[in-house]
Amino acid sequence: MALSPVPASGRPTGPPIGHVPGRPAGRPTGSGVGTGAAPPRAARPAELPSVHDALLCVALPALAVCAEHGQLTGEGPEGVYAAGRRLLSRCVLRVAGREPVALQGRMAAADRAWFLGVLRVPGDMGPDPGLSVERTRSADGSERITLRSAVARPLRLPVEIALGSDLADLGAVASGRPGPELTASVHGTGLRWTGDGGRSVTVTADPPPMDALAAAAVLRWEAELAPGGTFSVRLRVRDGSSGRPTGSPGGGRPGGHVLAEALAEGDDPRPGELLRASVEDLRALLQRDPAHPADVHLAAGVPWRCGPVTAEALWAARMALPLGTRLAVTTLRALGRTQLSGDGTESGRIPGPFRDAGPHLPPRCTGIEATLAYPVVLAEARRWGLPAADLEELLPVAERCLDWLRRTAGASGFVPDPGPAGPWRAETQAHAHRAALLGADLLDACGRPGGDALREAAGKLRERFRREFWLDDRAGGRPAVARGPDGRTWPQLGGWAAHLLDTGLLGGGRLAHGLLDRTETEQVARLLGTPALDSGWGLRSLGAKEPGHNPFGHRAGAVRVHETAVAVAGLAALGHEKEAASLLRGLLDAAEAFTYRLPEMYAGEQRTAGGRPVPHPAACRPAAVAAAGAVHALLALAGIRPDAPGRSVSTHPLRSAPLGAIRFSGIVVAGEPFAVRVGRLGLGMVEEAAEGLQLGV
């Protein structure tokens with residue numbers, strides 16, 4: 001089931017509450033407002049509640065949205081969710097009639113948050129608090145509350161927890177209309193709420209409370225604490241509709257068998273922290289296909305974009321190939337089931353919704369992106385060590401994608417996006433060119449026809465692109481973001497240009513040809529390194545000097561992490577180390593400021609001395625392409641280029657070693673562990689690899 005109230009593949013072009021499976025597209029409705037704390041105002045069209053300062057505990061389909069003070073007040077999106085339904089909206093602790101003074105809240109792991117508060121106890125004369133309150137809350141709503149006394153005398157204190165549930169759909173919560181809280185009933189050692197349709201949720205407590213007041217939805221204890229002693233309460237949330245605790249999806253949580261435990265260590269400790277957190281977040285974002293529970297894919301982002309499998313899940317799986325090919329297999333399989341069949345012009349396309357494309361262009365369709373990404377991910381997964389049985393299963397879908405590409409490009413050579421009337425987007429042409437070349441390589445390797453035709457089509461596209469998309473000027477020129485059939489060009493420069501440097505991986509560690517020639521590539525690399533695009537925290541989606549620039553616009557000037565990662569990897573692979581290193585340092589500095597859980601985007605404000613990156617209020621955090629992008633950008637330091645079918649692997653590290661010495665381990669090449677060290681002089685040394693794997697240069 002989907003958590004997502006907006007299209008999982010990107011920002012909506014209309015109201016923020018988009019299609020949820022089983023419901024018509026559009027903004028969901030609510031029935032009244034919540035009770036207890038004053039409810040937030042209803043969100044206006046194209047607005048989502050702010051979550052930039054929330055702590056999000058994630059183990060999909062379970063999710064807990066917490067404020068740093070640790071109390072769940074029912075305000076905004078706070079609460080515990082399972083499969084898109086808010087099971088618990090309030091969980092407010094009081095000791096001796098008072099709420100603890102909140103001192104600190106932080107993430108302890110991807111699925112768990114920790115909070116600390118204090119209280120002065122009755123009879124204290126000085127300012128020092130004698131009672132600390134620790135809370136640990138997990139994504140499934142389970143919580144441990146511990147009172148710890150530093151008072152020299154025994155204490156007997158009343159403890160109460162006020163609970164509430166509205167069983168509201170996340171879409172209704174996002175729109176500011178969750179509906180009233182439900183009436184509780186006493187159930188076992190806790191409380192139970194039942195909504196329309198018989199759906200229910202139960203909260204149980206250990207030890208059992210002395211009093212359970214259904215009318216007030218309050219559980220009460222008398223805590224007795226010896227000097228230096230503790231008193232603990234454990235809460236557990238159970239979704240009555242599933243009969244399981246909220247964090248126990250059928251089949252258990254996917255994890256290590258899908259994504260390897262990659263590690264980084266070196267002179268700078270931050271890459272290790274970022275890699276660890278990113279792998280944790282990727283595992284937390286894994287969700288099962290309800291109709292095919294053996295298959296998992298990444299949710300696009302929490303809390304707003306946890307719907308069905310999307311193009312973003314496929315791009316993230318591609319960037320996570322160094323962690324193993326299993327995620328790519330299951331994501332490709334899930335997307336393949338959505339491919340259009342038949343004999344029409346749309347046959348072979350993998351459909352997707354429209355999404356915003358910035359201030360200058362019409363909305364784009366992710367159905368184009370997913371269709372073009374499919375053969376690329378399959379081809380590169382084969383290079384990393386995809387098992388032959390998986391390749392055989394998935395190849396027919398890739399062939400149909402490539403057939404669609406050949407038909408759609410037609411005589412013009414360009415792939416229109418979103419429709420036949422254009423405009424032709426440069427980014428889409430980069431995806432199409434990469435798909436044609438890697439698809440041809442894949443077909444040849446599998447003994448299938450069509451490779452020569454694809455290479456010929458790619459050559460024509462490359463020739464025409466250089467002729468019609470490159471705009472000469474006194475500064476050395478730039479690529480157009482789009483071109484219309486009538487010859488009109490859109491010259492706005494942004495982070496999209498990074499995709500022109502992402503050419504794809506062929507056999508023997510070779511990179512595929514790009515759309516640009518050498519001189520044009522060097523000019524794009526220079527442009528990506530200018531202050532207009534490099535904010536100091538990462539790459540802006542639209543240059544600071546371009547009309548319509550908005551530092552908070554996700555395609556109008558914000559820093560999109562995955563675009564920065566694509567730029568870092570592309571620049572590094574093509575030898576533009578200065579620009580790659582600058583973007584990588586900025587991304588790493590931003591990651592440190594975000595405690596190594598990178599959001600999908602943040603403001604493209606120019607970096608200043610002593611400044612910090614500015615969060616985007618509605619950005620998902622964690623997000624699949626941000627976490628996978630971090631893996632992708634960091635591994636650009638080593639430049640690993642595998643060719644498992646050819647039984648070889650080569651490394652192409654950054655010779656400038658911008659972060660000093662670094663070692664990566666736990667990578668997976670040809671199905672076996674792989675480790676590489678890059679020294680301070682920029683020389684790479686493979687320290688672990690599969691038996692029989694030849695090491696190239």
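## Exercise 1: Salt bridges

Arg364 and Glu369 are joined by a salt bridge, with their closest N and O atoms 3.3 Å apart. The model in which this pair is found is a predicted one.

**Task.** Determine whether Arg364 and Glu369 are buried or exposed.

**Solution.** 
- Step 1. The cut-off is needed: a residue is buried when its relative accessible area is under 20%.
- Step 2. Arg364 has a relative accessibility of 2%, so Arg364 counts as buried.
- Step 3. Glu369 has a relative accessible area of 4% and is therefore buried.

**Task.** State which residue meets Arg425 in a salt bridge, and describe the burial of the two partners.

**Solution.** 
- Step 1. The partner of Arg425 is Asp417, with an N to O distance of 3.6 Å.
- Step 2. Arg425 and Asp417 are both buried.

**Task.** Examine the salt bridge between Glu427 and Arg555, and find where in the chain each residue lies.

**Solution.** 
- Step 1. The side chains of Glu427 and Arg555 meet at 3.7 Å, N to O.
- Step 2. Glu427 belongs to helix H7 (residues 426-445), whereas Arg555 lies in the loop between helix H9 (518-528) and strand E29 (559-560).
- Step 3. The two residues are 128 residues apart, and the pair links distant parts of the chain.
- Step 4. Glu427 is buried because its relative accessible area is 7%; Arg555, with 12%, is likewise buried.

**Solution.** 

## Exercise 2: Strands and hairpins

**Task.** Describe how strand E13 pairs with strand E12 and with strand E14.

**Solution.** 
- Step 1. E12 (residues 184-187) and E13 (residues 190-194) are antiparallel and pair over four bridges. Within this pairing, Ser185 stands opposite Arg192 of E13.
- Step 2. The hairpin of E12 and E13 has two residues between the strands, and Gly188 takes a positive phi near 60° there.
- Step 3. E13 also runs antiparallel to E14 (residues 200-206), to which five bridges join E13. Trp193 has Val201 in E14 as its bridge partner.
- Step 4. The hairpin of E13 and E14 has five residues between the strands, and Gly197 in its turn has a positive phi of about 80°.

## Exercise 3: Cavities

**Task.** State how many cavities of 30 Å³ or more the search finds, and characterise the largest cavity.

**Solution.** 
- Step 1. The search of the whole structure finds seven such cavities.
- Step 2. The largest cavity has a volume of about 740 Å³.
- Step 3. Its lining consists of 38 residues; those nearest the centre of the cavity are Arg318, Glu380, Asp502, Ala569 and His632.
- Step 4. Helix H10 gives the most to this lining, with seven residues.
- Step 5. By class, the lining of the largest cavity has 17 nonpolar, nine polar and 12 charged residues.

**Solution.** 

## Exercise 4: Aromatic pairs

**Task.** Give the count of aromatic pairs, and classify the pair of Phe414 and Trp424.

**Solution.** 
- Step 1. The count comes to four aromatic pairs.
- Step 2. The ring centres of Phe414 and Trp424 are 4.9 Å apart and their planes stand at 50°, so this pair is tilted.
- Step 3. Phe414 is in the loop between helix H6 (388-409) and strand E24 (424-425), and Trp424 is in strand E24, so the pair ties together parts 10 residues apart in sequence.
- Step 4. Phe414 and Trp424 are both buried.

**Task.** Classify the pair of Phe594 and Tyr602, and determine whether these residues are buried or exposed.

**Solution.** 
- Step 1. The pair of Phe594 and Tyr602 is tilted, with 5.3 Å from centre to centre and 45° between the planes.
- Step 2. Phe594 is buried, its relative accessible area being 9%, and Tyr602 counts as buried at 0% relative accessibility.

**Task.** Name the residues of the aromatic cluster that contains Phe414.

**Solution.** The cluster is formed by Phe414, Trp424, Phe465 and Phe469.

Notes: Residues are numbered from 1 along each chain as its sequence is written. This is a predicted model: local features need pLDDT of at least 70, side-chain atom pairs count only at pLDDT 80 or more; totals for chains, interfaces and linings use all residues. Side-chain values use heavy atoms; hydrogens and water are left out. A salt bridge is a side-chain nitrogen of Lys or Arg within 4 Å of a carboxyl oxygen of Asp or Glu. Buried means under 20% relative accessible area, exposed over 50%, partly exposed in between (1.4 Å probe, protein chains only). Two strands pair if DSSP finds at least two bridges between them. On a 1 Å grid over the protein atoms alone, a cavity is a set of points where a 1.4 Å probe fits but cannot get out, and a pocket is an open set with protein on both sides within 12 Å along at least five of seven lines; lining residues have an atom within 4 Å of a point. Grid points are joined across faces, edges and corners, and a volume is the space filled by probe spheres set on the points. Ala, Val, Leu, Ile, Met, Phe, Trp, Tyr, Cys and Pro count as nonpolar, Asp, Glu, Lys and Arg as charged, and the others, Gly among them, as polar. Rings of Phe, Tyr and Trp (its six-membered ring) pair if their centres lie within 6.5 Å; planes under 30 degrees apart count as stacked, over 60 as edge-to-face and the rest as tilted.
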